[in-house]
Every structure is written in C-alpha cells, then in structure tokens.
Amino acid sequence: MGITVKIVEVSGAGQVGTTTWLEGISSSITLRDLIRTRVREEVAKERQRDWERQADRAVEAFGRNGFFVLVDDRQVTELDEELELTADSDIRFVRLVQLAGG
C-alpha cells in the first residue's frame, strides 16, 4: 500500500508554482523514480502521450542542474538515492533559471 505525497514546484526566486499530488507511491523510492512518476502523472493530466521521453528529459535536466530537489529541507543530489517519504514530507522541485549571458 502506497502513500500520497505533495510536490511543490518553486522558481529559483522562491515563487511557488504548480502543486502535484502523487497517490499510491512507495514510501521508499529513489529520486529518479520520484521524478519519473511526477512526469508520468503530469503528462497523464494533459492527456499527452510518450511520458517516458519526457521523463528521460526531466532526469537529464536534473543531471545538468536544470533543477534541484529538496526533501524535508535537505537537498537530494543523487538520482539513485533512496528516499524515505511520509505523507507529511515536504518535497520541492526548485527550477533554476540561467542568467543572461551565462
């Protein structure tokens, strides 16, 4: 039996954006699987196809520092790190914006 967690997207400037609820996920999940599950759910809401390609792009973006992930105020740096989540976990995907000329 899985848990329901809330993921909040935040801009690098701290502006809160989209909130996504993931239901039925394992309380023990890798960051890679959490990213892929979030993308799958968002793509399903938009009734698009080929979520796998979009999930691969999201994982690649994480690897290029396009965004970082905080779980309970701790930055997770490794895709294959095993996370121990609860329904109260504070999960934030922080999207970074490239500086002009950078």
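**Labels and their cut-offs**

Reader: What makes Asp72 count as partly exposed rather than buried or exposed?

Author: Asp72 has a relative accessibility of 42%. Buried means under 20% relative accessible area, exposed means over 50%, and partly exposed covers what lies between, with a 1.4 Å probe and protein chains only. The value of Asp72 falls between those limits, so Asp72 counts as partly exposed. Its place is in the loop between S4 and strand S5 (74-76). Phi of Asp72 is near 50 degrees, a positive value in a residue other than glycine.

Reader: Before we go on, what kind of model is this, and how are residues numbered?

Author: This is a predicted model with residues numbered from 1 along each chain as its sequence is written, where local features need pLDDT of at least 70, side-chain atom pairs count only at pLDDT 80 or more, and totals for chains, interfaces and linings use all residues. Side-chain values use heavy atoms, leaving out hydrogens and water.

Reader: How many helices and strands does the chain have, and what makes a stretch count as one?

Author: The chain has two helices and seven strands. They are DSSP runs numbered from the N terminus: a helix is H or I over at least four residues, and a strand is E over at least two. Read from the N terminus on, the order is β-β-β-α-α-β-β-β-β.

Reader: Why does Arg47 get its accessibility label?

Author: Arg47 has 78% relative accessibility, so it counts as exposed. Arg47 sits in the loop between H1 and H2. Its phi is near 55 degrees, a positive value for a residue other than glycine.

Reader: And why is Thr30 called buried?

Author: The relative accessibility of Thr30 is 14%, and therefore Thr30 counts as buried. Thr30 belongs to strand S3 (residues 28-30). Residues are in contact when heavy atoms lie within 4.5 Å, and, not counting residues up to four places away in sequence, Thr30 touches Leu79, Asp80, Glu81, Glu82 and Leu83. The side chain of Thr30 also reaches the backbone nitrogen of Asp33 at 3.1 Å.

Reader: Is Thr37 buried or exposed?

Author: Thr37 counts as buried, because its relative accessibility is 10%. Thr37 lies in helix H1 and, leaving aside residues up to four places away in sequence, touches Leu22, Ile25 and Ile29.

Reader: What makes a set of residues a nonpolar core?

Author: The members must be buried Ala, Val, Leu, Ile, Met, Phe, Trp, Tyr or Cys residues, joined through side-chain atoms within 4.5 Å. The largest such core here has 24 residues, and Leu31, Leu34, Ile35, Leu85, Ile91 and Phe93 have the most contacts inside it. At least two residues come from each of strand S1 (3-11), strand S2 (16-25), helix H1 (31-45), helix H2 (51-63), strand S4 (67-71) and strand S7 (91-95). Setting aside neighbours within four places in sequence, Ile35 is in contact with Ala58, Val59, Phe62, Phe67, Leu79 and Phe93.

Reader: How do you know how the rings of Phe67 and Phe93 pair?

Author: Rings of Phe, Tyr and Trp (its six-membered ring) pair if their centres lie within 6.5 Å; planes under 30 degrees apart count as stacked, over 60 as edge-to-face, and the rest as tilted. By this rule there are two aromatic pairs. For Phe67 and Phe93 the centres are 5.7 Å apart and the planes stand at 15 degrees, so this pair is stacked. The pair links distant parts of the chain, with Phe67 in strand S4 and Phe93 in strand S7, 26 residues apart. Both Phe67 and Phe93 are buried, and ring pairs link Phe62, Phe67 and Phe93 into a cluster.

Reader: Which charged end sits over the ring of Phe93, and what makes it count?

Author: The rule asks for NZ of Lys or CZ of Arg within 6 Å of the ring centre and within 35 degrees of the ring normal. The charged end of Arg38 sits over the ring of Phe93, 4.5 Å from its centre. Likewise, the charged end of Arg40 sits over the ring of Trp51, at 5.9 Å from the centre.

Reader: Finally, how does the radius of gyration of the chain compare with that of a compact globule?

Author: The radius is taken over C-alpha atoms, and the globule rule is 2.2 Å times the number of residues to the power 0.38. For 102 residues a compact globule would be near 13 Å, and the chain has 13 Å, so the two agree.

Methods
Polar contact = N/O pair within 3.5 Å; in protein donor to acceptor, adjacent residues only side chain to side chain.
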